[in-house]
Amino acid sequence: MMLSIRNLHAEIEGKPILRGLSLEVGAGEVHAIMGPNGSGKSTLAQLLAGRDVYKVTQGEVLYDGRDLLAMPADERAREGVFLSFQYPVELPGIANSYFLKAAMNAKRRHHGRPELDAMDFLTVARAKMKLVGLSEELLHRSVNEGFSGGEKKRNEIFQMALLEPRLAILDETDSGLDIDALRTVAEGVNSLRSPERAMLLITHYQRLLDYVVPDRTHVLAGGRIVRSGGPELALEVEERGYKSMEEHNAPGA
Amino acid sequence: MASSGSSVETFARDLERVRGGLAGADSRWLTSMRRRAMEALAAGGFPTVRDEDWKYTSVLPVLRDTLEPVLPDESRLDAESLRSLLSNATGLGADATCIVFVDGNFRAPLSRIATGTGVRVSSLRDRLEASPADLEPWLGKYLPADARGFAALNTAFLDDGAVIEIVARAQIEKPIHVVYLATARERAWVAHPRDLIVAHEGCSAVVVEQYLGESGGKYLTNAATEISVGANAVLGHLRIQDEAQTAFHVARVEVEQAAGSTLVSHTFGFGAALSRTEIAVKLAGEEAECRLSGLYLGDGSRHLDHHLHVDHARPRTRSEQLYKGVLEDKSRGVFTGRVVVRAGAQKIKATQKNPSLLLGAGAVAETRPQLEIHADDVQCNHGATIGRLSEDALFYLLSRGIDAREARRILVAGFAAEVVEGVVPPSLRAAMTAAVAAQIATLGDRTVPGTVPGTGGAR
């Protein structure tokens with residue numbers, strides 16, 4: 001298993017958010033995690049990426065058999081974990097190109113590969129920007145500053161394309177997108193599916209899953225997974241709402 | 001020899017000793033100006049923290065050592081070492097025009113002074129020796145001899161510095177560099193560099209004044225610069241204070257702008273145990289505009305004080321102040337932004353911003369906007385913020401594999417970037433961006449050799 005989450009309990013400021021979440025994701029698989037607001041979706045995403053405001057009180061997370069929770073956020077990223085942010089952060093004064101080159105080179109150094117110079121970086125970046133329909137001009141602007149909602153999300157997928165993660169966590173990548181942007185983002189995501197790469201799509205709505213069809217779908221409620229199934233589960237959620245599923249209160253996974 | 005400190009008396013004594021050798025010693029107006037300055041210093045003394053303008057900066061550490069004047073023929077470092085020190089200067093390409101001083105004294109072999117290009121660059125001492133009367137209308141015009149404290153001390157010892165005159169309507173593209181190199185001498189020393197920049201009507205030029213120190217140097221740079229910006233002239237003025245971490249830097253820049261002129265000023269405070277930089281701009285003609293930007297980086301227990309004074313003396317004048325501070329460890333940054341709008345000076349626009357980034361738990365930022373407005377048709381706003389690095393931003397960088405140290409460095413550089421943006425020409429901006437990045441990369445690691453004599457100012 002690439003990712004094994006076992007009986008994970010986590011809290012923030014003493015308030016429990018995840019309560020016994022378990023999940024197994026294998027290489028090449030795309031899993032959707034759906035859930036209502038407050039179910040713990042974003043907590044799960046941020047926690048896996050290494051945000052240290054969450055305190056794990058019980059359980060474990062293994063990434064390729066290694067203790068993921070013992071690794072600092074930056075090391076997780078260099079080891080192939082990637083989070084596409086629900087709210088990408090604006091970094092005034094920092095050129096997108098500079099930021100991305102720093103990220104790529106941090107990873108390359110970690111894996112003993114030579115760093116990219118500015119020219120190499122531009123060549124790679126130009127090719128990958130096409131994938132998500134971003135204009136090259138955005139490379140020279142400050143990271144996410146003044147970007148439209150769609151541009152921010154596409155910039156996230158662009159980063160994912162550049163950093164080539166093994167485990168990609170997409171936190172509400174569909175939120176705030178119009179249908180054209182959603183399609184572009186979905187195409188970008190689909191093009192990055194590969195047998196070596198696992199993806200976790202975290203979403204509130206089913207509509208992204210029309211474009212990116214998951215191998216497995218899970219419903220998260222009250223901090224644990226209450227239902228798991230195939231892609232059809234998303235449609236059931238869409239029809240019946242989360243309410244009925246929370247009532248099942250099935251044991252985790 | 002035991003050091004017994006510096007005072008008005010020790011400076012007066014030193015002046016008696018060296019004054020026969022000062023430039024233009026035979027010139028009556030000059031002698032009289034020096035004498036009036038020494039009298040003003042004797043009468044008013046050095047500022048103390050009881051002086052409202054010096055409330056947060058104590059100069060006691062500056063005066064703790066006996067600061068000795070450096071005579072022109074005393075040179076400690078060999079040419080090779082000086083060139084090595086000079087190589088730290090920012091934006092100084094192989095063909096750049098530069099006038100270089102060592103421990104306050106002009107050094108022709110290190111300088112590269114182009115002639116016949118619409119600019120005249122010379123050493124103040126050379127000019128005062130050759131024809132002092134030429135400078136009589138200018139020296140002390142904006143910084144009067146009876147100015148207080150350190151400014152008076154500068155005038156009392158006025159001897160060498162750079163004189164830069166830009167011919168009317170000349171468009172000078174390449175920056176003109178004035179570089180002060182300070183060496184680590186056996187005994188604590190002082191220099192009083194005095195620059196005069198006259199940008200005549202309709203000209204356009206960029207002048208860079210930089211102050212660089214040899215590591216471990218114990219000295220005081222007591223600098224003064226007078227600047228005249230003629231009608232419709234556009235002057236870029238860049239000031240880089242990168243003194244030794246063990247040194248002191250006190251500076252006064254006095255600017256007067258004629259109608260329709262523009263001053264684009266950038267000040268970088270990187271070095272010195274304690275520094276105080278005052279920039280006073282008088283907008284003396286209608287439609288004159290000044291943009292004053294600054295960046296100061298503190299670490300250890302260093303103290304950086306920037307003091308701006310903009311005088312809107314005429315209607316339809318505009319001013320912008322943007323000073324940013326980054327304070328690591330237990331460093332302390334002080335910013336005072338004074339804006340005066342005189343009676344009858346209508347249709348004024350003045351803005352002021354002073355954001356500070358506190359990195360160190362013990363770092364302190366003091367910010368003081370001072371608005372004195374005697375007219376009613378005035379748009380004036382100011383804002384000061386004091387913050388820490390955003391956790392969200394930090395996590396965003398970490399989540400991309402960038403380690404914590406580099407992430408902090410990138411965020412600080414991002415904070416600083418706004419200040420550098422307005423630097424022209426682009427080649428100088430690029431050099432400045434690199435210089436700022438290099439300074440930020442070592443921020444917090446710059447261990448000060450030995451003990452710094454009581455840095456931190458008033459505590």
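This is a predicted model: local features need pLDDT of at least 70, side-chain atom pairs count only at pLDDT 80 or more; totals for chains, interfaces and linings use all residues.
**Entry 1: two helices in chain A**

I began with helix 3 of chain A, residues 96-110, and helix 5 of chain A, residues 149-163. I found their axes 10 Å apart, with a packing angle of about 30°. Angles under 35 degrees count as roughly parallel, so helix 3 of chain A is roughly parallel to helix 5 of chain A. I also looked up the handedness: helix 3 of chain A passes helix 5 of chain A in a right-handed crossing.

Next I wondered which residues of helix 3 of chain A meet helix 5 of chain A. On the helix 3 side I noted A:L100, A:A103, A:M104 and A:K107. Their partners in helix 5 of chain A are A:Q159, A:L162 and A:L163. Sorted by class, this contact has five nonpolar residues, one polar and one charged.

**Entry 2: the sheet in chain B**

Then I turned to chain B, where I found an open sheet of 10 strands with mixed pairing. I wrote down the strand order as 3-2-6-9-11-13-15-17-19-21. Which strands are the edge strands? They are strand 3 (105-106) and strand 21 (378-387) of chain B, each pairing on one side only.

I followed strand 21 of chain B to its partner, strand 19 (residues 348-358) of chain B. The two run parallel and are joined by 10 bridges. In this pairing, I saw B:L357 of chain B standing opposite B:G387 in strand 21.

**Entry 3: a helix across the sheet**

Last, I checked helix 3 of chain B, residues 79-86. This helix lies across strand 2 (97-102), strand 6 (176-182) and strand 9 (204-213) of chain B. I noted that helix 3 of chain B runs at about 120° to strand 6 of chain B.

Note on methods. Residues are numbered from 1 along each chain as its sequence is written. Chains are lettered from A and ligands numbered from 1 in the order in which they are written. Axes are lines fitted to C-alpha atoms, for helices over the stretch in contact, and angles run from 0 to 180 degrees between N-to-C directions. Helices (H or I, at least four residues) and strands (E, at least two) are DSSP runs, numbered from the N terminus. Angles under 35 degrees count as roughly parallel, over 145 as roughly antiparallel, 65 to 115 as roughly perpendicular and the rest as oblique. A crossing is left-handed if the near helix is turned anticlockwise from the far one by less than a right angle, and right-handed if clockwise. Two residues are in contact if their C-beta atoms, placed from the backbone, lie within 7 Å. Ala, Val, Leu, Ile, Met, Phe, Trp, Tyr, Cys and Pro count as nonpolar, Asp, Glu, Lys and Arg as charged, and the others, Gly among them, as polar. Two strands pair if DSSP finds at least two bridges between them.
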